[in-house]
Amino acid sequence: MIPRSHALVPLQPQRRAAMQAIGYVESRSETAHRMGRYPYAHAFFRFMGKPAIGVDDIRMLDGTFDPSQRGRPGKERYIAALDMLISTRGASCPSPLSGGVGHSLFPEVERRERQRGEQRALLKANRRQNVEAKAGEQKRIRYETLLGQAEIELAFCTPSTVRPWYDNWSRRDLLLHDLGELVYAWFSRFPSLGHFDRYFLRYEPLWVVMLEVNRHADEQSEFEVYLDRLMLPNRLSDLERKER
């Protein structure tokens, strides 16, 4: 069942009277008829079968109306507020008219405002997600750049010179697992490290692996150190050839 307040042809007498009042006043204004004060409010009550607006009519429309209380707004204030409400099609519901009157006569306004609020909330959530996604992407790029720098520096280390590299990069914002993968690939360059067990390299903590590498480096002969240096990339030679 469609709620009475949402029907295309309003079934609620007050809603139907408000629609008729809008059409009536606007059609008369187009034909240059002279309009009195509060034309929408007076037309509304006429379509409600009330040619003269009485106190009981205002109270029927808005239960907050109570002229017997001292200092309370009078009937004309309510009529003026009703006129504004109908003329703006529910966009403005001024005091002293209660908000419930606006909702009952123009429920589509509340529904439209709720939809706009939901759309604004959705747009805000999407913007927040976009900002977070962009920040996450920038963080990922910075991390990969830092890891790439660590890999480049490691490429020019031998077992006897890798200790400062580890001391530096283990304190940076890099995962030890990722540093461990770099070290695992680095091991294969040096025949002197070939006696290390691959299982040991993969599953021991990185600090344990580096401790064993340092111990190995301390026991190397000068000839073994020389052979390790031969395994390094030929960066200096390449630079010299370019300068020539």
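Helices here are DSSP runs of H or I with at least four residues, numbered from the N terminus. With that in hand, let's walk through the model.

This is a predicted model, so local features need pLDDT of at least 70 and side-chain atom pairs count only at pLDDT 80 or more, while totals for chains, interfaces and linings use all residues. Residues are numbered from 1 along each chain as its sequence is written, and side-chain values use heavy atoms, with hydrogens and water left out.

**First stop: Ala 43.** Select helix H2, residues 39-47, and find Ala 43 in it. Ala 43 has a relative accessible area of 0% and is buried (under 20% relative accessible area, with a 1.4 Å probe and protein chains only).

**Next: helix H7.** Select residues 162-169 and colour the buried ones, Val 162, Trp 165, Tyr 166 and Trp 169. Look down the axis of H7: these residues fall within an arc of 95°, so they line one face of the helix (the arc is taken from the directions from helix axis to C-beta atoms). They pack against helix H6 (107-155), H8 and helix H10 (206-218).

**Last stop: Ser 192.** Go to the loop between helix H8 (176-187) and helix H9 (198-203), where Ser 192 lies. Is Ser 192 buried or exposed? Its relative accessibility is 16%, so Ser 192 counts as buried. Beyond neighbours within four places in sequence, Ser 192 is in contact with Pro 159, His 216, Gln 220 and Asp 228.

How values were computed:
Helix = DSSP H or I, 4+ residues; strand = E, 2+ residues; numbered from the N terminus. Buried < 20%, exposed > 50% of the residue type's maximum accessible area, 1.4 Å probe, protein only. Contact = heavy atoms within 4.5 Å.
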